[in-house]
Amino acid sequence: MTAPVLLADEERQRYAAQYAEIATLAGGLAHEIRNPLSTISLNLELLVEDVATGDSARDRRMLRKLQTVQRECGHLETILEDFLRFVRVGELDRAPCDLNEVVREFVEFFQPEAAAAGVEISPHFDSHLPVVELDRTLFRQALFNLARNALQAMPQGGLLELQTAPQDGRVLLTLIDNGVGMSPETLASLFNKVFFSTKPGGTGLGLPTVRRIVEAHRGAVTVDSAPARGTRVTISLPPASRGEPA
Ligand SMILES: Nc1ncnc2c1ncn2[C@@H]1O[C@H](COP(=O)(O)OP(=O)(O)O)[C@@H](O)[C@H]1O
Ligand SMILES: [Mg+2]
């Protein structure tokens with residue numbers, strides 16, 4: 001029997017429905033794990049408090065073991081949070097916006113964290129940008145993931161530049177840091193390996209989430225990086241469509 005020939009649109013819809021089903025399952029599973037995990041965490045905390053008051057060698061050994069379990073629990077919680085953020089990128093709630101304003105607002109929010117890490121933020125806004133259509137909450141999440149990575153790449157402090165510019169009718173947003181940069185192997189693995197991270201407590205879900213958010217906006221992300229030089233991430237977005245559905 002020959003397989004029915006599906007129209008491209010039907011095929012896409014079928015994949016989208018399958019993806020939505022798997023995403024719902026995976027999200028549900030993450031939720032189910034999260035609740036008992038937070039009970040475990042809470043009880044561990046109480047145990048640690050109890051044991052920390054003892055001063056025998058046995059108490060100190062127990063404390064070290066409990067703290068190891070506590071660290072691992074914390075890591076699992078971070079993975080679940082990042083994973084839930086990743087699967088939740090579904091339907092967008094888009095509205096026309098000025099990208100400069102969105103970035104300016106983000107810089108204001110992120111400034112204290114950057115300052116505490118010794119990182120100076122330097123924004124350059126082009127004042128002739130076409131309007132873009134963004135889901136502001138999701139887009140802020142993408143900016144946050146990128147800015148966090150930049151900070152983590154500059155443990156001794158540094159400079160984070162955020163630039164907006166129009167290009168061939170599209171809108172570009174570039175983040176440049178002068179941090180540790182990436183090896184060619186890291187650069188090649190970024191978007192290809194699931195859960196790829198070079199950080200001890202990393203989940204490797206930050207950039208895949210950024211990519212999903214940007215692609216859901218019909219945009220594209222590119223990364224250039226060189227070890228010890230720094231990293232440049234460029235997001236390119238289409239201009240808001242006039243009237244016709246995006
Ligand atoms: N700005 C950056 N500078 C240097 N390396 C980076 C930068 N952003 C991302 N990376 C590399 O990409 C990897 C994956 O990043 P990400 O998906 O955000 O996961 P995580 O931050 O949890 O490791 C990081 O572990 C790091 O090796
Ligand atoms: Mg990250």
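A residue belongs to the shell around a ligand if its C-beta atom, placed from the backbone, lies within 6 Å of that ligand. In this predicted model, α4 gives the most to the shell around ligand 1, contributing three residues. Two helices, α4 (136-152) and α6 (206-216), each supply at least two residues of that shell. The shell has 22 residues, and Asn 149, Ala 153, Ser 197, Gly 202 and Gly 206 come nearest to the ligand. Sorted by class, the shell holds 12 polar, eight nonpolar and two charged residues.

A step back shows the setting of these helices. The protein chain has six helices and seven strands, which follow one another from the N terminus in the order α-α-β-α-β-β-α-β-β-α-α-β-β. Its C-alpha trace spans about 70 × 60 × 35 Å along the principal axes. Of the 246 residues in the chain, 21% are buried. Among contacts with a separation of 6 or more, 73% join residues 24 or more positions apart.

Leaving aside residues up to four places away in sequence, Ala 142 touches Val 210, Ile 213 and Val 214.

Key: Residues are numbered from 1 along each chain as its sequence is written. Chains are lettered from A and ligands numbered from 1 in the order in which they are written. This is a predicted model: local features need pLDDT of at least 70, side-chain atom pairs count only at pLDDT 80 or more; totals for chains, interfaces and linings use all residues. Helices (H or I, at least four residues) and strands (E, at least two) are DSSP runs, numbered from the N terminus. A residue is buried if 20 or more other C-beta atoms lie within 10 Å of its own, exposed if 12 or fewer, and partly exposed in between; C-beta atoms are placed from the backbone. Two residues are in contact if their C-beta atoms, placed from the backbone, lie within 7 Å. Ala, Val, Leu, Ile, Met, Phe, Trp, Tyr, Cys and Pro count as nonpolar, Asp, Glu, Lys and Arg as charged, and the others, Gly among them, as polar.
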